[in-house]
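Take a moment to look over the sequence and the model below. Then follow the text from one part to the next.

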Amino acid sequence: MNLEALKEIIQNNHEILEASARDNSANENTVVGIARFASTNGYDKLSSNQKFHFDNCIRPLIEDVQCSGYNHECDEFISECPAILDDGDLVEYYQEQGKYCESCEAQSSADAHSKESFFRD
């Protein structure tokens, strides 16, 4: 569980918490409050009810986060990437509002280089 990523979400991307609350039929203000409390005091200080909301709405945002996947701009179909982002990359993931795993990042860079070379020539 990456509490630094949670702090980043709270400070700069709290709408992600609100969306997760809505997706899980939970109160947005409650989930944001639990996130703030947990980021300061830790998971163990939460009540059982708070842990329920944390586990359903917050934990998926800061633990075992799946790569959003990279698709070339000309691809018709969106493919999903099964890779899990490294825990150490989650803060950057939320700072940049999306980051790729190593494989998707390499493909993105290669495509960008190819596109640049094509237009340069």
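In which loop does Glu 63 lie? Glu 63 sits in the loop between H4 and H5. Here H stands for a helix, a DSSP run of H or I with at least four residues; strands are DSSP runs of E with at least two, and both are numbered from the N terminus. Glu 63 counts as partly exposed, because its relative accessibility is 25%. The cut-offs are these: buried means under 20% relative accessible area, exposed means over 50%, and partly exposed lies in between, with a 1.4 Å probe and protein chains only. Glu 63 touches Met 1 and Leu 90, not counting residues up to four places away in sequence. Touching, or contact, means heavy atoms within 4.5 Å. The C-alpha atoms of Glu 63 and Asp 86 are separated by 9.3 Å, and these residues are 23 apart along the chain.

A word on the model itself. It is predicted, so local features need pLDDT of at least 70 and side-chain atom pairs count only at pLDDT 80 or more, while totals for chains, interfaces and linings use all residues. Residues are numbered from 1 along each chain as its sequence is written, and side-chain values use heavy atoms, with hydrogens and water left out.

Now step back to the whole chain. The protein chain has 6 helices and 0 strands. From the N terminus on, its elements run α-α-α-α-α-α. Of its 121 residues, 35% are buried. Its accessible surface comes to about 7,800 Å², and 45% of that belongs to carbon and sulfur atoms. Such areas come from the Shrake-Rupley method with a 1.4 Å probe; for residues, only the protein chains shown count as cover. Take the contacts with a separation of 6 or more: residues 24 or more positions apart account for 53% of them.

Next, see how the helices pack. Two packed helices are described by the angle between their axes and the distance between the axes. Axes are lines fitted to C-alpha atoms, for helices over the stretch in contact, and angles run from 0 to 180 degrees between N-to-C directions.

Start with H1 and H2. Their axes are 5 Å apart, and the helices pack at an angle of about 100 degrees. That makes H1 roughly perpendicular to H2. The angle classes are simple: under 35 degrees is roughly parallel, over 145 roughly antiparallel, 65 to 115 roughly perpendicular, and the rest oblique. From H1, Leu 6, Ile 9, Ile 10 and Asn 12 meet His 14, Glu 15, Ile 16 and Leu 17 in H2. The residues of this contact divide into 5 nonpolar, 2 polar and 1 charged. Ala, Val, Leu, Ile, Met, Phe, Trp, Tyr, Cys and Pro count as nonpolar, Asp, Glu, Lys and Arg as charged, and the others, Gly among them, as polar.

How does H1 meet H3? The axes of H1 (residues 3-12) and H3 (residues 28-41) come within 10 Å and cross at roughly 140 degrees. That makes H1 oblique to H3. On the H1 side, the contact is made by Leu 3, Leu 6, Lys 7 and Ile 10; on the H3 side, by Ala 35, Arg 36, Ala 38 and Ser 39. By class, there are 5 nonpolar, 1 polar and 2 charged residues in the contact of H1 with H3.

Then turn to H3 and H4. Their axes come within 10 Å and cross at roughly 100 degrees. H3 and H4 are therefore roughly perpendicular to each other. Thr 30, Val 31, Ile 34, Ala 35 and Ala 38 of H3 make the contact with Gln 50, His 53, Phe 54, Cys 57 and Ile 58 of H4. This contact of H3 with H4 has 7 nonpolar, 3 polar and no charged residues.

Ile 58 is in helix H4. Ile 58 counts as buried, because its relative accessibility is 0%. Leaving out residues up to four places away in sequence, Ile 58 touches Leu 6, Leu 17, Val 31, Ile 34, Ala 35 and His 53. His 53 is buried, with a relative accessible area of 17%. Beyond its neighbours within four places in sequence, His 53 is in contact with Ala 26, Thr 30, Ile 34 and Ile 58.

Finish in the loops. Ser 25 is in the loop between helix H2 (14-23) and H3. Ser 25 has a positive phi of about 55 degrees although it is not a glycine. At 73% relative accessibility, Ser 25 is exposed. Asp 64 is in the loop between helix H4 (48-62) and helix H5 (90-95). Phi of Asp 64 is near 55 degrees, a positive value in a residue other than glycine. Asp 64 is exposed, at 61% relative accessibility.
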